[in-house]
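Please look at the sequence and the structure on the screen while I speak.

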Amino acid sequence: MSTETLPLGSAPRSHPSLSRTFWVNARFAPRTSLGFMRLDFVLGTVFVLPFTQIVFFAYVAGLAGNPAISVAYVAVGNAVATMTYSSVFSVCQTTDMEKQQYTLEHLLVSPANRAALYLGRGLVPVLLSFLTVGVSLGYAVGIFGAAVAPGALLPVTISVLLTSVAMVGFGLLLGGVALYLRTSIILGNIFLFIGLLLSGANFPLSFLPVPLQWVGEALPLTWGIVAVRDSLSGTGWGPLLVAWAIVLGEGAASYALALGLWEVFERRAYRTGSLGRF
Amino acid sequence: MRGTPPPPGPRILGASFRLAAQTFVADPQWLIPSIVAPVIFALAAYEMYRGSGPVLVLYAILGAGMMSMWGQTLYGSGWAIGQDRFLGTLEPVLGAPARYLWVVAGRVLWNTLIGLAGGALVFLVIAATYHAPLPLRDPLLFVGLFAFVIATLATVGLLFSALFVLTRYGGFIQNIGEFAFYVATGCMFPVVLLPFWTTPLSLLFPPTWALDALRYVGVPGYRGLSWGLLPDLVGALVLSVAYAAAAALLFERVVRHVLAQGTADEY
């Protein structure tokens with residue numbers, strides 16, 4: 001063994017490739033740092049929770065008897081909104097889990113590319129969100145009488161996929177804030193419930209006061225619901241493309257902001273020694 | 001320690017109550033299920049019911065108030081056991097001479113009070129938003145029955161807590177079962193609107209009866225379960241006593257079983 005020592009900080013550090021960082025995180029995050037990714041939770045989130053949530057709001061809509069809010073309208077809105085569990089709520093906990101398991105420091109000093117790391121973590125939640133909404137829309141159409149226009153399958157698929165990607169980006173954004181806060185679960189919960197109120201899932205946004213309508217329009221879920229409703233009803237490509245563009249734009253902004261926040265809060269956490277605070 | 005006499009129940013209850021209060025203040029995430037979520041549910045239902053008259057606004061208040069109580073009573077109590085497992089404190093607590101039932105009862109008591117406060121807050125928020133007097137028939141009796149509803153919920157929380165000691169799936173059951181419980185107990189709409197075959201299931205829960213009674217008292221012209229107010233109250237009372245008794249019996253057996261199997265730290 002050589003007795004020669006390298007000066008501190010000059011040890012060679014190998015940078016894992018972007019694709020390796022992406023795939024390793026895609027595979028391991030559901031088992032380590034994403035919330036609610038146990039098989040029982042996943043099955044419940046995909047099959048049970050959407051059904052009971054839709055039933056609940058469908059009965060509320062039925063009792064209300066408001067002509068602007070049919071049972072099918074509410075069923076489709078909630079079918080899309082159920083992706084919040086596997087996208088926002090699950091993903092935003094990734095920072096909390098790293099803190100609680102004392103792995104955050106190790107992660108942050110690693111040379112792995114941050115963007116590949118976080119995008120990798122989002123892969124399984126995107127797929128799960130897609131699956132959840134697929135099953136939920138099945139309930140909405142098969143049980144609650146939501147109408148499907150001919151040729152709606154492709155636009156619905158694209159709408160759900162884009163919304164899933166954007167919502168996971170939003171979850172990562174909240175996870176970035178958690179680097180500053182002690183926990184992100186409160187934020188995740190708040191957005192989980194705010195989605196039911198401000199996204200147009202249960203009633204048109206026009207029912208709300210104007211400032212709340214603005215907040216609602218800033219949420220990717222709102223435009224995802226618009227896109228899915230437009231796709232199902234066979235609205236032309238024009239309005240659909242606008243909705244897709246907004247979903248994509250909000251998703252891209254969420255990812256960019258998430259990475260930016262990680263930069264800012266990481267430096268701040270180093271400075272204040274608050275990296276592992278939870 | 002073997003041979004050590006257990007401390008008196010009320011003392012354990014008080015200590016557990018204090019600890020639950022301190023945990024609540026230190027970890028304010030419980031404000032979400034007990035306050036934030038019900039207010040949002042109430043506002044969502046309020047928007048949906050708004051054009052349908054003041055009676056349905058009362059439904060929104062009652063339903064959201066009930067959700068607040070459910071969120072705090074069952075989430076708070078049951079989740080605490082999951083946290084005990086996660087933090088590794090369940091085993092020493094079960095092994096202590098103090099009866100675990102008293103520990104859980106202290107938590108349930110605290111959560112019941114917070115749930116009641118959440119319900120009151122929901123009422124105030126909607127009443128303030130509605131800009132018109134709510135058509136409550138008998139406000140005093142209504143308040144009394146509101147407290148009774150939460151007492152029935154507390155018995156459900158107590159029984160479920162016993163089951164959560166047994167299983168590591170407590171959190172899962174709560175999360176997945178949340179909306180199912182709201183539907184089954186008819187918290188935002190009368191259970192008579194549900195398919196007939198679901199009625200026996202709904203009637204297994206004391207809050208179903210208590211909520212129906214609450215609506216008979218509070219909502220003018222309400223038509224719920226056909227037998228009316230008094231049988232509703234008796235049914236809720238009998239079932240609540242049965243739940244509390246079953247919880248007391250079950251706790252002893254469950255604690256013995258978990259200690260014998262060594263599964264208290266399974267998470």
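Predicted model: local features only at pLDDT ≥ 70, side-chain atom pairs only at ≥ 80, totals over all residues.

Residues are numbered from 1 along each chain as its sequence is written, and chains are lettered from A and ligands numbered from 1 in the order in which they are written.

I begin with chains A and B. Chain A brings 29 residues to the contact and chain B brings 24; two residues are in contact if their C-beta atoms, placed from the backbone, lie within 7 Å. On the side of chain A that touches chain B, α2 (39-64) and α9 (185-198) each supply at least two residues. The most comes from α2(A), with 14 residues. By type, that side of chain A has 20 nonpolar residues, eight polar and one charged. Here Ala, Val, Leu, Ile, Met, Phe, Trp, Tyr, Cys and Pro count as nonpolar, Asp, Glu, Lys and Arg as charged, and the others, Gly among them, as polar. Helices are DSSP runs (H or I, at least four residues), numbered from the N terminus.

Next, the helix pairs. In chain B, α1 (residues 9-26) and α5 (residues 100-130) pack at about 50 degrees with axes 7 Å apart. Axes are lines fitted to C-alpha atoms, for helices over the stretch in contact, with angles from 0 to 180 degrees between N-to-C directions. The pair α1(B) and α5(B) is therefore oblique: under 35 degrees counts as roughly parallel, over 145 as roughly antiparallel, 65 to 115 as roughly perpendicular and the rest as oblique. Their contact includes B:Phe17 of α1(B) and B:Trp110 of α5(B).

In chain A, the axes of α8 (residues 153-177) and α12 (residues 237-272) come within 8 Å and cross at roughly 20 degrees. That makes α8(A) roughly parallel to α12(A). Their contact divides into 19 nonpolar residues, seven polar and one charged.

Finally, is α9(B) enclosed or open? Twelve of its 13 residues are buried, so α9(B) is largely enclosed by the rest of the structure; buried means that 20 or more other C-beta atoms, placed from the backbone, lie within 10 Å of a residue's own, with 12 or fewer for exposed and partly exposed in between. Among the buried residues is B:Trp209. In α7 (residues 170-184) of chain B lies B:Gln174, which counts as buried with 21 C-beta neighbours inside 10 Å.
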